[in-house]
Structure formats: C-alpha cells, structure tokens
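Reader: I am new to this structure and would like to learn how to read it. Could you walk me through it step by step?

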Amino acid sequence: MIAPTREGRTTRSPGSRTLAVLAAAALTLAACAPGSSAPPAATPSQPGASAVRTDAATLGDVTLTVWDQEVRGGQAAQMKQLNAAFEAKYPNIKLNRVSRSFDDLNATLRLALSGNEPPDVVEANNGRSAMGAFVKAGQLLPLDAYAEAYGWKERYPESVLRYSRYSADGKVFGDGNLYGLPQVGEVVGIFYNAAKLTELGLEPPKTWEEFQAALAKAKAAGEVPMQLGNLDKWPAVHVFGTVQSRDVPADQIRTLAFGRKGASWNTPENTKAAQQLVDWVGKGYFNKGFNGQGYDPAWQAFGKGEGVFMIAGTWLLADLQKNLGDDVGFILPPGATVGAAPVATGGTGLPFAITAKSPHPDAAAAYIDFITSAEAMKVLTDTGNLPVADTAAQKVPEGPQQDVFTAFGTVSAENGLVPYLDYATPTFADTLGAALQDLLAEKASPQEFLATLEKDYKTFAESNG
Amino acid sequence: MTQRSGAARPPGEPRRVAYLYLLPAFLVYAAFLLYPIGRAVHLSFFDWDGLSLGRWAGLDNYVAIVTDEGLRAAFGHALVLIVFYAVVPLAVGLALAAILHHAKVRGLGFFRTVVFLPQVIAMVVVAVAWRRIYAPDGTLNALLGALGLDSLTRGWLGDHTFALPSVGVVGTWFETGLVTVLLLAGMSRIPGELYEAARLDGAGAVKEFFAVTLPSVRGEIAVALTLTVIAALRTFDLVYVTTRGGPGDSTSVPSYEVYHRAFGLSQVGSAAAIGVTLTIVIFAISFGINRFADRSTT
C-alpha cells in the first residue's frame, strides 16, 4: 500500500488518485506483456556454411535430447534401430529419446519450446499452428547451411522439402528457409479389399467414373461401399481432399492449403466436390453412423472385412496388412481418364527440426543427417515404413507394400502431391473438420460449407499479408 | 465465565500472532492458486499465441464471449448439461433415496455401493466405455436392434440432435450415485418421531415425503446441487474423449474451448478469458445455491 502523505499537499481528490493508481496498474499490466521474457523474436542467426561442422565424431561428449512421435509398431522399431546405430557410430554423442504420441507431442511441444532448456531435436508438425508458430517465435534454427554442407537438397526433391519451408517471419509457408527434414512419405489414396472386388466381379478402378460405378455396385450387392470413421473430426478431411483434387486444379489447392492469397473456396469446382460428397452420403456409400464412428474402429472394421473401399493414408498399410494380408490393395485416386496425371493429398511425415536454443546444433544436424540417409531409408523400408526419398530404389515384396511404394514414387516424381487442406490457417483443421461433419450430416449445404471455409481462409490470408 | 481483566481484549495470545500461523498455508495457497488465477486474469487481456510477444487487447476477449456465436453456444451447451448433471440426478436421487430409506431393504449397503460405483471410476475410463456403448456397432444399438427398434439406431455421438443429450446421459449416470448417497445420509438423520407424527396426522407416503423428508434434507440438496452443477459447468474430459466438441460444434463446452483455444488454436488470451468467465459463472451459481439453502433453513 502507498502510505498517505501527511503534509496534505495533494490537492487531487481521493477519487482521482484511485483513478491514477488504476491507470498506473493498467499500464504495468499492459507493459509486462506475456512472452516478453522470451528471447527477442528476431530470427536466429543463420550459421554460415563455413561455420558448420559436420565431423560429429570430434564434437566431444554431447547429450542430445530428441522428442519424437514414433510410438507405433514399425515407426518405433526404425527409430530404435537408427538411434542405436547412431550411438554406435558416434560414441561421443548420447541420445536422450523422449517419445510421445502425435496428440501428446503437439500439446506439450509449445510449452517445451518456450522454456529455457528446450530439447535439441524435435519432430514438429509442418502446419502453421506448429512449425509456423515456432518459426515466427524464433524457436527453430534455419537449416540451409547444413543442407548445403550435407547435400540434403540432392537427397530430397524440392516437392518434399517445401513442406518444411517457411519465410523467416513464419508468414509464408512452402517457401523460404528450410526448418526440418522428414523421414517418411505419406499419400492419401484408396485402399481396397481385393477379395471383395473379385466377389463383385470388379477390377481396381482406373478412372474416377469406374470408382463411382464400383461403389454403386458394392452398394447394390449389400456391401459397405466405403468405410469412414469421422467422430474424431479430421478423417473426412482426407476424403474431401481426395474428391476435391479430382476437380480443382492442383495449383489452386496448393494456394488454398498453404494459406496464400489469390484463390477462393467459392468456385464451381469446389462446389461440385462438396456436392459429390453429399451425394455419396445420400446414396449410402458410407457405413451407417460414420460421424459417430471413431477413426481406429473404422479402419479396424475395414481390416476385418467390412467395406470394399476406404480412402485413407499410407500410414495404415502395416496395420491393415496384418489383418487382411495380401487382400488389401492400394491405388492412387484415379483421374478422369486412364492417362491423367496423378494428383493426391499427401506429403511427408513430421519433419525433424533443431531448436534455436540448442547448445549442440552441429551434433543435432549430424543426427538428422544420419536418420535421413540412404541407409536410413533402407531401415525404414525394412521396418514397414514408406521412406520419403529413394522410394523407387527400395526392394519390397510384391503385394500391398509394393502398391504403396509405387503409388508414392509415381505421384512424387510427377509432382502431383497436394498439401493437406488443414495446413491453410492456424484454425483451419478445426474449421474444416467441424464444417465437414455438418456437411456430411446434411446440416449445411455445400454453399454454406464453402462459405465457412472461405471466411477462415480469407480472414487469415488478408491479415497475413 | 467472562474474565474482563483490564483492557477489553479477547483472551489468549494477541490476535496478530494468528496470522503467523496462517502464513505457511497461505503461501502455498497463494503460490498455487492465487498467483495462477491472477496470471490467468492478466493473460485474458492480451492477444497472445503462447510463443511470441503478446499484444494488449483490453476487453476484446471478453467481448468475444458475448458476440462470438460459437462461444455463446458453448455456454448454452453447459446449461443443457446442468439439466443432465444436476436436475435429473437430483430427481432420480430423491426418489431412489426415499425408497431405499423407507423400504429398509435388506442389503442396503450393497445397493448403496452399486449406485455409488460410477463415482469411483476415473472420468476418462467412463468416457472410453461410453464411447464404445454409443458406437454405431456398439452395445446401445445392438440392444435396440434386439428389441426390433432398428429404426432408432444411429451413431449417437455423431448425430447433431443426439450427441449432446448422449453426453449428458453419461453425466446423469455418473452423478446420480453421488446425489443418492448424499441424500440417504441426510434422510437417515431424520428423527423417526417426525414420520410418526405425520402418520398420526393422516399423511400418506407422498404427503409424508413432501412434508417431512424433503424439507429435512434441504442442506444435502444444496450440497448435491453445488457439486453437480460445478461438475456440469467444468465438463472437459468427457467431451474431450467422446466427441471433441463435435459433430460440428454441437457438443463444445467452455472448458473444452479453454483447452482447445490454448493448445490447439494458440489463442491463449481468449482461452484465459473463457476460463475466467467460467470461474465467475461457477462462483455465482454456487453462491446463489448456498444463499438459497441458507435462507430456507433459517
């Protein structure tokens, strides 16, 4: 408390004094803005190519803390194997691995990075709400000097690298500095149950028309044409992305999905895509109650033979193969004609990035180089993962795994990958997920659905400049 | 036995020493409760993404709670949940407790345990179990199918009309036991003479319930309502596990929005403002309930 002055010199009324105190309090409140204790948001200095050291063995004793999300079967296996090999090759570097599920990692990474001793290497989701926000806050190290020194640009095609590129202020996505390197590739396509197709007298569809005819035939035969579990909000994003990329030109989708100015959701092509999805619901092509079905139960049901098709990502391959064996097949979403250039939603697994405050960036870069090397790609293949580079060079047994490798190799070679739509704005995953649930339940018309998306996209693209 | 020796000072040590005894507890309380609350209030005046420098936003975040349709809806959903979490369990609990108390059934302890059991289970476990029950191929639909009511089956948690009530029913199932046991305890303290007197006056079972039982357990009702209303308003885990606020936004609730905005959308200021508002609403409602109960007991 401020002691009242005895002299009575103050001529101001007590009321005005209270006001002054309040104003002062408000000023202090406003002055100590949250985040002000964080380091200045200036971009961390880009180490020059000459300052970079690639001789990891001579870096002395170093302990690297690595946060990854490789918790499931094949993912965990490759990480364990590669980490052991890395420690064997560089006995002076110790790894302290912290592994969390995708959701948990996303929820905790933000706090960990804003602390004073963040982990050295982190797997950060590509999107604006994760990697973009971290770049903006100056928490990740630009890796271009290391890319130069290690030759990463030769190792990975630009179509892969651009998913980890941001401008230094975090505003432009898909262009600018390199902030991470992924291990695995992903592409969303169509899984099919080969045994069911044979029963129905069908071949894997070669055109979008054929695909829809197959859905109709499956429905008529009393099968579940397409398995979907959309309780978790995001799974339908992949289905919509697949349908959308049949009609909307790939460069428009890229503009929309990277959240850049110059495109619109309110186009006849987008309307057609949304309408097609609603038609599929009307025709009963999805399993009953799909909005109330969880994602995991849905693909598990597909694995047990419920459903002829399922639009989903390659990451489900190992699990589906466990149940269906060679009866599971995978194709890229077919185009309008047999020879049409392939276009599919997809990209990379989460990229590994180096934190700006890490005291051992050279060792961290050596680690990232090691787990993305040609040998690492082989380990990834052997453990049932889809390596993001050298995909065509890998030898895999014929069958579903080869389907997936061929599909990814084809689409990435022909530059046909379009980004996940939820990358667009920090809030878009949520906006799109909820809007799709409304659309699929016919609570919103295709026009209303697109208006919702347009609002989020435009608001962000305008303010982002 | 009043000893007024000299100064008009209450007996014992000087009053101020008492504050010294309070100090350790107060420090803990301040460090882990008052400071975080103050910090949350502070943050709620900023537009902050949790990482970079915040921007002073004044009352914008609070204005948004009133003007943002989605947020208004979230508070509306919380009010609907109060019906399922507090009102229904109270009605069911009163009936159940009255019957159990009156009938002097054998194995009362057993029933009490069974009814109370949901309270013992962690909410996340409850939510996972109910998620399976409500699944399109889950127990509820199987049951309806067996009864020949196939037309009623649906993906309960994915249905725009039924998702919120479905979540609410879990709350009812969860809270009824607590309310029943609380009321049973209250009823066991009612002196038997009151019932005797009522019966002598010719009251039936129903009249007896309204004239004797109900007024006597007013305190317990207030406690039960306070606990369950607070539980309803701060529902988070149930929504997080079962629907994540979906389908669309039809089951989003304030607590979920706090988490979602802070960790999902990086709108920490807005999240803090919702949290502060929710705290005030909870405080006001429980204050109201207790005032009501106090007034009616005196």
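This is a predicted model: local features need pLDDT of at least 70, side-chain atom pairs count only at pLDDT 80 or more; totals for chains, interfaces and linings use all residues.

Reader: Happy to. What is the mean pLDDT of chain A?

Author: The predictor gives each residue a confidence from 0 to 100. Chain A has a mean pLDDT of 87, and 89% of its residues reach 70 or more. Residues 1-14 of chain A are another matter: pLDDT stays under 50 there, and the model has 2 contacts beyond four places in sequence for them.

Reader: Next, the meeting of the two chains. How many residues of chain A are in contact with chain B?

Author: In general, the size of an interface is often given as the accessible area lost when the parts come together. Here we can count residues instead: 37 residues of chain A are in contact with 33 residues of chain B. On the chain A side, helices H1 (14-31), H3 (102-114), H4 (128-136) and H18 (428-440) each supply at least two of the residues that touch chain B. By type, that side of chain A divides into 15 nonpolar, 14 polar and 8 charged residues.

Reader: Now a strand, please. Is strand E6 of chain A mostly covered or mostly open?

Author: To read a strand, look at its cover and then at its partners. Strand E6 of chain A, residues 185-193, is mostly covered, with 9 of its 9 residues buried.

Reader: And which strands pair with E6(A)?

Author: Let us take them in turn. Strand E7 of chain A (residues 309-313) pairs with E6(A) in the antiparallel sense over 5 bridges, and A:Phe191 has A:Met310 as its bridge partner there. Strand E8 of chain A (residues 328-331) is antiparallel to E6(A) over 4 bridges; in E8(A), A:Ile331 is the bridge partner of A:Ile190.

Reader: Let me try a single residue. Why does A:Thr431 count as partly exposed?

Author: The idea is to count C-beta neighbours inside 10 Å. A residue needs 20 or more to be buried and 12 or fewer to be exposed. A:Thr431 has 19, so this residue counts as partly exposed.

Reader: Where does A:Thr431 lie, and what is A:Thr431 in contact with?

Author: A:Thr431 lies in helix H18 of chain A, one of the helices that supply residues to the side touching chain B. Leaving aside neighbours within four places in sequence, A:Thr431 is in contact with A:Thr452, A:Leu453 and A:Asp456. A:Lys233 is 198 residues from A:Thr431 in sequence, yet their C-alpha atoms are 9.8 Å apart.

Reader: Finally, chain B. What does the secondary structure of chain B come to?

Author: Chain B has 13 helices and 2 strands. The UniProt annotation "transmembrane region", from an unreviewed entry, covers residues 20-38, 78-98, 110-130, 162-185, 221-242 and 262-289 of chain B. Residues 20-38 of chain B are 100% helix, with their end C-alpha atoms 24 Å apart. For residues 78-98 of chain B, also 100% helix, that distance is 29 Å.

Reader: What is the radius of gyration of chain B?

Author: Chain B has 25 Å, whereas a compact globule of 298 residues would have a value near 19 Å. The C-alpha atoms of chain B fill a box of roughly 75 × 65 × 30 Å along the principal axes, and buried residues make up 37% of the chain.

Technical notes: Residues are numbered from 1 along each chain as its sequence is written. Chains are lettered from A and ligands numbered from 1 in the order in which they are written. Two residues are in contact if their C-beta atoms, placed from the backbone, lie within 7 Å. Ala, Val, Leu, Ile, Met, Phe, Trp, Tyr, Cys and Pro count as nonpolar, Asp, Glu, Lys and Arg as charged, and the others, Gly among them, as polar. Two strands pair if DSSP finds at least two bridges between them. UniProt positions are given in the numbering used here, feature names are shortened, and annotations may be inferred rather than shown by experiment. The radius of gyration is taken over C-alpha atoms; the globule rule is 2.2 Å times the number of residues to the power 0.38.
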